[in-house]
Amino acid sequence: PLTILENLPLIEGLEKTKATSKDITIQVASAQATEIDINISRELYRPVAAEGSILFFLVNQLCVMEHMYQYSLDSFLTFLDKAIERTEPVDDV
């Protein structure tokens with residue numbers, strides 16, 4: 001090829017690169033929208049996580065008051081499961 005405009009493999013490669021770039025731009029926009037949705041969902045569960053951690057550390061510290069109040073992780077999970085079962089479901093989460 002005498003000029004850059006006559007170099008067909010180069011032009012085809014550039015066109016392919018341009019198409020790939022457009023696809024990547026679309027995927028990045030989709031990933032950003034997904035990230036926003038995930039962050040919103042995470043914030044909805046944050047109060048529940050805070051309550052769960054408070055419950056865990058309170059149950060864990062009961063043994064300081066009385067040594068008979070020593071609970072295993074399985075016991076804590078049982079408490080947590082019962083609390084979840086007693087909670088009324090909500091539609092916004």
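Tutor: Helices are DSSP runs of H or I with at least four residues, strands are runs of E with at least two, and both are numbered from the N terminus. This is a predicted model, where local features need pLDDT of at least 70, side-chain atom pairs count only at pLDDT 80 or more, and totals for chains, interfaces and linings use all residues. Residues are numbered from 1 along each chain as its sequence is written, and side-chain values use heavy atoms, with hydrogens and water left out.

Student: Where is Lys-16 placed, and is Lys-16 buried or exposed?

Tutor: Lys-16 sits in helix 1. Buried means under 20% relative accessible area, exposed over 50%, and partly exposed in between (1.4 Å probe, protein chains only).

Student: How many Å apart in space are Lys-16 and Glu-35?

Tutor: Along the sequence, 19 residues separate Lys-16 and Glu-35. From C-alpha to C-alpha, their spacing is 28 Å.

Student: Which residues make the nonpolar surface patch of about 500 Å²?

Tutor: Patch residues have over 30% relative accessible area and no salt bridge; like charges are joined within 9 Å, and nonpolar side chains (Val, Leu, Ile, Met, Phe, Trp, Tyr) within 5 Å. Areas come from the Shrake-Rupley method with a 1.4 Å probe, and for residues only the protein chains shown count as cover. Leu-44, in helix 1 (residues 8-65), is partly exposed at 38%. The patch is made by Ile-36, Ile-40, Leu-44, Tyr-45 and Val-48.

Student: Which residue forms a salt bridge with Glu-43?

Tutor: A salt bridge needs a side-chain nitrogen of Lys or Arg within 4 Å of a carboxyl oxygen of Asp or Glu. The whole structure holds 1 salt bridge. Its closest N and O atoms are 2.9 Å apart, and the partner of Glu-43 is Arg-46.

Student: How many residues apart in helix 1 are Glu-43 and Arg-46?

Tutor: Glu-43 is partly exposed at 42%. Arg-46 is partly exposed at 43%. About one helical turn separates the pair, because their spacing in helix 1 is 3 residues.

Student: At what angle do helix 1 and helix 2 pack?

Tutor: Axes are lines fitted to C-alpha atoms, for helices over the stretch in contact, and angles run from 0 to 180 degrees between N-to-C directions. The axes of helix 1 and helix 2 (residues 73-86) lie 11 Å apart, and the packing angle is about 135°.

Student: Where is Asp-74 found, and is Asp-74 buried or exposed?

Tutor: Asp-74 belongs to helix 2. Its relative accessible area is 59%.

Student: What Å value separates the C-alpha atoms of Phe-79 and Ile-36?

Tutor: Phe-79 is in helix 2 and is partly exposed at 34%. Phe-79 and Ile-36 are 43 residues apart along the chain, and their C-alpha separation is 33 Å.
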